[in-house]
Structures are given as structure tokens and as C-alpha cells.
Amino acid sequence: MATGRTHRPATRSRGIPEATVARLPLYLRALTALSERSVPTVSSEELATAAGVNSAKLRKDFSYLGSYGTRGVGYDVEYLVYQISRELGLTQDWPVVIVGIGNLGAALANYGGFASRGFRVAALIDADPAMAGKPVAGIEVQHTDELEKIIDDNGVSIGVIATPAGAAQQVCDRLVAAGITSILNFAPTVLSVPEGVDVRKVDLSIELQILAFHEQRKAGEEALLEEETGGPVAPPAATVTRRRASTAATREDGPTTSGPESGPDGDVPAVMPA
């Protein structure tokens with residue numbers, strides 16, 4: 001199997017828009033679920049609903065791949081899984097190095113979804129000498145002094161930064177100098193990189209702040225409507241149903257608590273990349 005350093009996906013040269021590229025993993029996740037249920041074909045409407053997009057956008061996205069489906073039949077699920085996997089570069093091995101093995105880095109190392117999606121955690125690296133040699137997810141942590149050698153020896157293609165914000169830029173600079181051109185950044189800071197280096201940022205606090213904005217807006221709209229109607233506004237039927245179900249469960253089983261939502265492949269929150 002080829003490694004990531006020997007091949008790059010041709011999406012840019014073929015003119016596939018970045019917005020389409022960002023949706024391809026959503027389609028792949030939905031298609032993989034269908035494949036696991038031995039569903040042979042799927043309509044654009046069904047697949048769009050499963051992926052959370054509209055069917056017109058899905059058909060436009062697939063046209064960039066040269067896949068148009070068959071009228072009255074739909075899309076061949078297995079073929080689309082292969083086609084999208086190939087376009088995303090997932091038909092080969094992508095060695096990944098994770099730098100920063102604190103709570104988040106350790107959780108990423110233990111995430112079971114990497115291997116099944118074409119990514120191999122080649123090394124775990126941390127600046128703390130006390131961490132060196134300790135096994136995490138079956139891999140011994142190595143010190144940052146060995147960073148460049150580790151990248152070269154393992155043909156690493158993608159670097160994951162899970163360090164504190166203050167150390168992230170220095171780690172990024174060393175990754176780039178060692179030949180890494182794709183970085184996934186979990187550190188709460190903006191990284192400065194040269195042209196030709198791709199950075200994807202994952203910031204859970206920003207996502208929560210966006211949700212808080214929407215919650216505040218909904219509360220404001222309800223308050224305005226209540227003021228205009230002169231009385232309390234009934235909650236949506238779905239909310240009432242959820243509340244009733246929750247109350248019934250509490251009465252039957254007693255109060256319960258639950259931890260953060262987990263993805264299907266491990267103890268990583270569901271917001272992890274599919």
C-alpha cells in the first residue's frame with residue numbers, strides 16, 4: 001500500500017470546489033452506514049437527508065466526480081464509497097503524528113476511527129520528559145527532540161497539534177520545516193503557515209459559542225412573541241415530546257446522568273471528524 005508522502009489527491013487540479021470537498025466526508029459517512037446494512041442503491045434524496053444537505057447540492061457535488069446515478073435506480077452505494085474514498089485519498093495509508101499527549105492528545109490517540117478511515121497513528125510526541133516511554137493506546141510516547149527524525153523515519157504526511165496554545169506555533173514551524181504540509185490544529189490559537197501548507201482548525205469553544213448565540217436568539221424571539229401575544233408561547237411539539245419522554249424515564253428509572261456524547265468508534269466526542 002502506498003504511503004501518504006508519495007501521492008496527493010487530485011481534487012484541486014481537477015477543479016473540485018473546497019465546499020464540495022468539505023462535504024465529501026459527510027457523504028462517505030452516510031454511504032458507509034448504508035453499505036454496512038447491505039443497502040445496494042440509494043436515491044439522491046435519501047442520501048442527501050442522511051448527509052444533512054439538499055439533494056440538488058448533492059447532485060451538483062457528485063457531478064464533479066463524474067457520478068450522475070441512474071434515473072429510477074439511484075446511486076450504487078459500493079461504487080460511491082470507493083469513488084469518494086479514492087477522491088479523498090483514503091485508498092492508501094496516511095501516517096499521522098500527534099504532538100501533545102495531554103488529555104486531548106491521549107483521547108485522539110485512543111480514537112478507534114482513524115485506522116478504519118485510512119489514517120495510521122505513526123507516533124505520539126510530547127515535550128514532557130516524564131512522558132517519554134509511556135504507552136498510550138499501545139504506542140510509546142516519544143520526546144519532541146526526536147520530532148524531525150520521527151517524521152522522516154515514518155514518512156509522516158499529517159501532523160496533529162494538541163498542545164497548549166503557547167507551544168502550538170513552535171511545533172507547527174518544526175512540522176513544516178520537517179516537510180509536513182497538512183496540519184490538524186486543536187490548539188486554541190491561529191497558526192501562521194507558509195503558502196502550500198493546509199491547516200484545519202478544530203475549536204470546540206468556538207462551536208459552543210455559536211450554539212450559545214443561536215440559543216440566545218431563540219430565547220429572544222420567544223420573548224418577543226410572548227410580548228406581542230400577551231401570554232406565554234407554547235414550546236414546539238418536539239420539545240414537549242422530549243420533555244414528556246424525559247419525565248417518564250425519570251419516574252420509571254430515577255434520575256440519571258450521562259457523559260459527553262461519543263462517536264461510534266471510540267470515546268471521542270461526536271464532533272470529531274468522520
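Asn154 lies in helix α7 (residues 147-154), where helices (H or I, at least four residues) and strands (E, at least two) are DSSP runs numbered from the N terminus. The model is predicted, so that local features need pLDDT of at least 70 and side-chain atom pairs count only at pLDDT 80 or more, whereas totals for chains, interfaces and linings use all residues. Residues are numbered from 1 along each chain as its sequence is written, and side-chain values use heavy atoms, with hydrogens and water left out.

Asn154 counts as partly exposed because its relative accessibility is 28%, the classes being buried under 20% relative accessible area, exposed over 50% and partly exposed in between (1.4 Å probe, protein chains only). When neighbours within four places in sequence are left aside, Asn154 is in contact (heavy atoms within 4.5 Å) with Pro95, Arg120 and Ala122. Of these residues, Ala122 is 32 residues from Asn154 in sequence, with a C-alpha to C-alpha separation of 6.7 Å.

In strand β7 (residues 158-161), Ile158 and Val160 point one way and Gly159 and Ile161 the other, and all are buried. In a regular strand the side chains alternate between the two faces of the sheet.

Strand β7 pairs in the parallel sense with strand β3 (residues 94-99) over 4 bridges, pairing requiring that DSSP finds at least two bridges between two strands. Within this pairing, Ile161 is the bridge partner of Val99. Strand β7 also pairs in the parallel sense with strand β8 (residues 182-185), over 4 bridges, and here Ile161 stands opposite Asn185.
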